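Dear colleague,

Please find below the structure I wished to hand over to you.

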Amino acid sequence: MCGRYTLYSHEDDLATLFAVETYPLTARYNIAPTTNVPVVRQRSDGSRVMEEMRWGLVPHWVKDPKLFKANLFNARSESAAEKPSFRDAMRTHRCLVPASGFYEWRKEGDAKQPYFVYRSDGKPMAFAGLWAVNRNGAEPLATCTILTTDANADMRKLHDRMPVILEEPEWDRWLDTEETDARRLEDILDPVAEGLLEMHPVDRAVGNPRTDGPTCVQRLA
């Protein structure tokens with residue numbers, strides 16, 4: 001799963017990497033569901049745009065978004081194309097969710113120890129995501145979710161699931177709005193190669209979503 005992540009890369013670096021116009025971003029070290037996050041999607045003319053959406057998908061067909069209690073912040077990549085909550089988005093509303101890294105918890109003794117997971121090359125990550133706009137409330141509500149897959153050998157030390165991390169050559173295929181057959185994208189939803197990720201234990205304070213700042217990602221001594 002992916003229930004917390006970070007994004008502290010500078011907007012200029014993200015603009016170059018994702019080929020988008022960005023806006024001022026505040027470094028965030030403990031992003032939690034239900035907060036607004038930047039995502040990258042493709043416009044109908046083929047260009048990319050970065051915009052904010054609330055993390056936790058509210059499908060377009062929900063009649064009253066305020067009464068929708070399901071916190072759909074993750075979607076299993078293996079079944080998203082069949083699930084009513086995600087299948088429409090899998091066809092036409094796919095996005096990238098930029099991240100600097102993410103957290104995962106492992107049971108150690110009587111407590112759960114959080115670990116920070118990040119790319120060994122220091123580059124930002126691009127999670128495979130889905131988005132939707134619900135227009136049944138007072139204002140249109142744009143939301144997103146992050147796809148997960150089986151953990152690779154590195155991540156299985158912590159958890160049996162991990163976010164789908166797409167490599168740059170895969171971004172165009174994932175964002176392509178003309179590709180509506182999700183089955184043709186299954187090959188890029190596998191776990192990332194072993195050795196791409198590094199991880200280290202961090203302070204348990206990251207379990208509190210109000211905790212933020214660079215100390216969140218510091219390695220425990």
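**Aromatic residues**

With 1% relative accessibility, Trp 55 counts as buried, where buried means under 20% relative accessible area, exposed over 50% and partly exposed in between, for a 1.4 Å probe and protein chains only. Please note that this is a predicted model, in which local features need pLDDT of at least 70 and side-chain atom pairs count only at pLDDT 80 or more, while totals for chains, interfaces and linings use all residues. Residues are numbered from 1 along each chain as its sequence is written, and side-chain values use heavy atoms, with hydrogens and water left out.

The rings of Trp 55 and Phe 73 have centres 5.9 Å apart and planes at 80°, so this pair is edge-to-face. Rings of Phe, Tyr and Trp (its six-membered ring) pair if their centres lie within 6.5 Å; planes under 30 degrees apart count as stacked, over 60 as edge-to-face and the rest as tilted. The pair links distant parts of the chain, since Trp 55 is in strand β4 and Phe 73 is in the loop between β4 and β5 (74–76), 18 residues apart. Helices (H or I, at least four residues) and strands (E, at least two) are DSSP runs, numbered from the N terminus. Phe 73, at 18% relative accessibility, counts as buried.

In total, the structure holds nine aromatic pairs. In another of these, the ring centres of Tyr 5 and Trp 55 are 5.1 Å apart with the planes at 70°, so the pair is edge-to-face. Here strand β1, with Tyr 5, is linked to strand β4, with Trp 55, and the two residues are 50 residues apart. Tyr 5 counts as buried, at 0% relative accessibility. One aromatic cluster is formed by Tyr 5, Trp 55, Phe 73, Phe 102 and Phe 127.

**Helix α1**

In helix α1 (residues 11–18), the buried residues are Glu 11, Leu 14, Ala 15 and Phe 18. Seen down the helix axis, they fall within an arc of 105°, so they line one face of α1; the arc is that of the directions from the helix axis to the C-beta atoms. Asp 13 and Thr 16, on the other side of α1, are exposed. The buried residues of α1 pack against β1 (5–7), β3 (36–42), β4 (48–55), β6 (94–99), β9 (125–134) and α3 (171–175), contact meaning heavy atoms within 4.5 Å.

**Loop residues**

Ala 19 follows α1 and lies in the loop between α1 and β2 (28–31). Although Ala 19 is not a glycine, its phi is positive, at about 55°. Ala 19 counts as exposed, at 54% relative accessibility. Thr 34, in the loop between β2 and β3, is not a glycine either, yet has a positive phi of about 80°.

Ala 138 is found in the loop between β9 and β10 (141–150) and counts as exposed, at 79% relative accessibility. Its C-alpha atom is separated by 9.6 Å from that of Pro 65, 73 residues apart along the chain.

**Largest pocket**

The largest pocket holds about 170 Å³ of space. A pocket is an open set of points on a 1 Å grid over the protein atoms alone, where a 1.4 Å probe fits, with protein on both sides within 12 Å along at least five of seven lines; lining residues have an atom within 4 Å of a point. Grid points are joined across faces, edges and corners, and a volume is the space filled by probe spheres set on the points. Among the lining residues are Ser 77, Glu 78, Met 90, Thr 149, Arg 183 and Pro 191.

Yours sincerely
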